[in-house]
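Here is a short briefing on one chain. Look over the sequence and the structure before reading on.

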Amino acid sequence: KRLWGVTPSACQALKGSHFPRGQATWPQLSFKVIGPDRPIRVLVGEDALLPCHLSPSMSAESMEVRWFRSTFAAVVHLYRDGRDQDGQKITPYRSRTNLLKDGIANGNISLRIDNITPSDEGTYGCHFQSPTFYEEAALELEVAGQ
């Protein structure tokens with residue numbers, strides 16, 4: 001019998017060498033995505049910083065990180081395969097966003113949106129996806145001085 005293309009003999013060969021106590025199990029990675037519990041308030045023309053992080057703390061370097069608007073396909077910023085995917089952004093955000101990756105090894109990813117306009121107000125999603133799990137958080141951006 002095969003499970004994900006692995007033969008029973010391959011599992012037996014792994015037993016004890018890569019898994020604790022001789023148990024051949026695949027680790028299940030799970031996490032929560034945490035955003036601010038209050039709206040982010042920014043003036044028109046300023047830059048907005050939208051924070052988002054993983055709990056428990058873990059590296060997001062090999063994950064997909066997607067910031068989006070009302071739908072998953074409305075990409076504000078996409079990080080995949082270890083780099084920013086600028087060609088995937090919807091038009092209003094091209095050349096206006098920057099993913100702050102200083103804390104990526106600990107799962108801290110903030111999105112900076114430059115030169116805020118009234119149309120930037122609304123809900124944003126912060127989505128993290130590993131090979132086996134995904135989760136997201138929503139946050140509100142309020143724009144003042146409209």
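Buried residues account for 36% of the chain's 146 residues. The model is predicted. The chain has 1 helix and 10 strands, and along the sequence they follow the pattern α-β-β-β-β-β-β-β-β-β-β.

**Overall numbers**

- The accessible surface of the chain is about 8,800 Å². Carbon and sulfur atoms hold 51% of that surface.
- Take the contacts between residues at least 6 apart in sequence: 54% of them join residues at least 24 apart.

**Nonpolar core**

- The largest nonpolar core holds 29 residues. Val33, Leu50, Leu54, Trp67, Tyr124, Phe128 and Leu141 have the most contacts inside it.
- At least two residues of this core come from each of β2 (40-43), β3 (48-55), β4 (64-68), β5 (75-80), β8 (108-113), β9 (122-129) and β10 (134-144).

**Strand pairing around β8**

- β3 and β8 run antiparallel and are joined by 6 bridges. Within β8, Ile113 is the bridge partner of Ala48.
- β7 (residues 97-100) also runs antiparallel to β8, with 4 bridges between them. Here Thr97 has Ile113 as its bridge partner in β8.

**Asp120**

- Asp120 sits in the loop between β8 and β9. Asp120 counts as buried because its relative accessibility is 0%, and the cut-off for buried is under 20%.
- The side chains of Asp120 and Tyr93 make a polar contact at 3.3 Å.
- Leaving aside residues up to four places away in sequence, Asp120 touches Arg69, Tyr93, Arg96, Ile113, Asn115, Leu141 and Val143. Among these, Ile113 is the bridge partner of Ala48, and Leu141 is one of the core residues with the most contacts.

**Aromatic pairs**

- The chain has 3 aromatic pairs.
- One of them is Phe31 with Phe133, edge-to-face, at 5.0 Å centre to centre and 80° between the planes. This pair links distant parts of the chain, 102 residues apart. Phe31 is in the loop between α1 (8-14) and β1 (32-34), and Phe133 is in the loop between β9 and β10.
- Phe31 is buried because its relative accessibility is 4%. Phe133 is partly exposed, at 22% relative accessible area.
- Tyr93 and Tyr124 also form an edge-to-face pair, with 6.4 Å centre to centre and 85° between the planes. Tyr93 is in the loop between β6 (83-84) and β7, while Tyr124 is in β9, so the pair ties together parts 31 residues apart in sequence.
- Tyr93 and Tyr124 are both buried. Tyr93 is also the residue whose side chain makes the polar contact with Asp120.

Conventions:
Residues are numbered from 1 along each chain as its sequence is written. This is a predicted model: local features need pLDDT of at least 70, side-chain atom pairs count only at pLDDT 80 or more; totals for chains, interfaces and linings use all residues. Side-chain values use heavy atoms; hydrogens and water are left out. A nonpolar core is a set of buried Ala, Val, Leu, Ile, Met, Phe, Trp, Tyr and Cys residues joined through side-chain atoms within 4.5 Å. Buried means under 20% relative accessible area, exposed over 50%, partly exposed in between (1.4 Å probe, protein chains only). A polar contact is a pair of N or O atoms within 3.5 Å; within protein, one must be able to donate a hydrogen and the other to accept it, and residues adjacent in sequence count only if both atoms are side-chain atoms. Contact means heavy atoms within 4.5 Å. Two strands pair if DSSP finds at least two bridges between them. Accessible areas come from the Shrake-Rupley method with a 1.4 Å probe; for residues, only the protein chains shown count as cover. Rings of Phe, Tyr and Trp (its six-membered ring) pair if their centres lie within 6.5 Å; planes under 30 degrees apart count as stacked, over 60 as edge-to-face and the rest as tilted.
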